[in-house]
Amino acid sequence: MNLHLTDEQQMIQAMAREFAGQHIKPIAAEIDRDARFPHETVKRMGELGLLGIAVPEQWGGSGADTVCYVLALEEIARACASHAVVMSVNNSLYCEPVLKYGTDAQRRRFLTPVASGHALGCFALTEPEAGSDARNQHTLARRDGDDWVLTGRKLFISTGREASFALVFAQTDQAKAHRGITAFVVEKGTRGFSVSRTEDKLGIRASDTAELVFEECRVPDAHRLGPEGMGFKIALSTLDGGRVGIAAQAVGIAAGAYERAVAYARERKAFGVPIGEHQMVQWMLADMTTAIDGARLLTLRAATLKDAGRPFTREAAMAKLFAAEMAMKVTTDAVQVHGGYGFIKDYEVERYFRDAKITAIYEGTSQIQKLVIAREVLGA
Ligand code: CAA
């Protein structure tokens, strides 16, 4: 693995860092408190090309690589995890599969507006009874002439309320179990498609997490993404890429909390000296920065393999597992370094602590990542 970033990678990283520092960081606490979706800054992310980083320019994207994507995503998450999840879902879970499995006509209609940031996309796989057991899909799509008629509910859909396009997975042939699942793109405004509720959450509060309902929702066959019965493979291969993004988000969350801990350790005095001069605090900071770098390297390895067109399922799961657990530990320690001040809202580390938790849950829990890794190791 090449540890030297190319000029383009450094440029995109620096651009994302500058944008996040100037425009996202100042509003992060407020939008978290108000659980307010940041329309203006998300729009600007689109203008900067951050919402379709790895999509070719021909389809409205930036034409960069996955390494650029994870570097930029880390920078955004360092300022605000809510912006990061919007970016991650748009890039990994919507643009990527539409680019990979879509026809040119589908790319023109469903990808270009989203990759260019004029609209947002979401990924509707999870259902009330299909979380970790993703194959247990109850949403049905019935063939009717040239159309499909969708009926069912999708739960915990990130960007579900804001997205103009949803990639929806539905059972088209129940007899074939997971080989009877098919993917569809459904546009907002389609009759029978509605958002029934949004969740009040512990973290990533400025992003929206919605329940989508499909009631006799009719879409033409031209909205089917990939062959009939390919939906589950599309979902799982998409999640491989998504997990690299969530690993980057976790690294960014941890890095943001760590930076605050370092600054506080320099300024806060106890027993007559800055607390950073106490060995117990030094050890915590040393462990934190080492763990962050470890997770960052695992993330870059998975991204590099993906860019090289090599298998990366195991590496993506390892990166996400390690980064998510690391983010929880580092943000916990960042609160600890702040003592009582870490427990109150003024110092912001409590937001990082709350935001970190979701990285060990969505796009496959840490337990599911272990299952994926173990299966790869054992060849099962
Ligand atoms: N890529 C492509 N195909 C894959 C694959 C992959 N990484 N992994 C497995 N497959 C294929 C298999 O080859 C198999 O194909 P055949 O039937 O043709 O042989 C098929 O998929 C089924 O594979 P498994 O038998 O391994 O499937 P399983 O039912 O045992 O499930 C699992 C495996 C790992 C548990 C999977 O269900 C999983 O990842 N669960 C977690 C779901 C998840 O991550 N949900 C996230 C929701 S989205 C989200 O969170 C977004 C957000 O909010 C930000």
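Let me begin with helix α6, which gives seven residues to the shell around the ligand, the largest share; helices here are DSSP runs of H or I with at least four residues, numbered from the N terminus. Please keep in mind that this is a predicted model, in which local features need pLDDT of at least 70 and side-chain atom pairs count only at pLDDT 80 or more, whereas totals for chains, interfaces and linings use all residues. Residues are numbered from 1 along each chain as its sequence is written, and side-chain values use heavy atoms, with hydrogens and water left out.

The shell holds 25 residues, and those that come nearest include Arg-135, Ser-158 and His-178, where being near means having a heavy atom within 4 Å of the molecule.

Which polar side-chain atoms lie by an oxygen atom of the ligand? One belongs to Arg-135, at 2.6 Å, and another belongs to Arg-179, at 3.1 Å, while an N or O atom in the side chain of Ser-158 is 2.7 Å from a ligand oxygen; a polar contact is a pair of N or O atoms within 3.5 Å.

Note on methods: Polar contact = N/O pair within 3.5 Å; in protein donor to acceptor, adjacent residues only side chain to side chain. Helix = DSSP H or I, 4+ residues; strand = E, 2+ residues; numbered from the N terminus.
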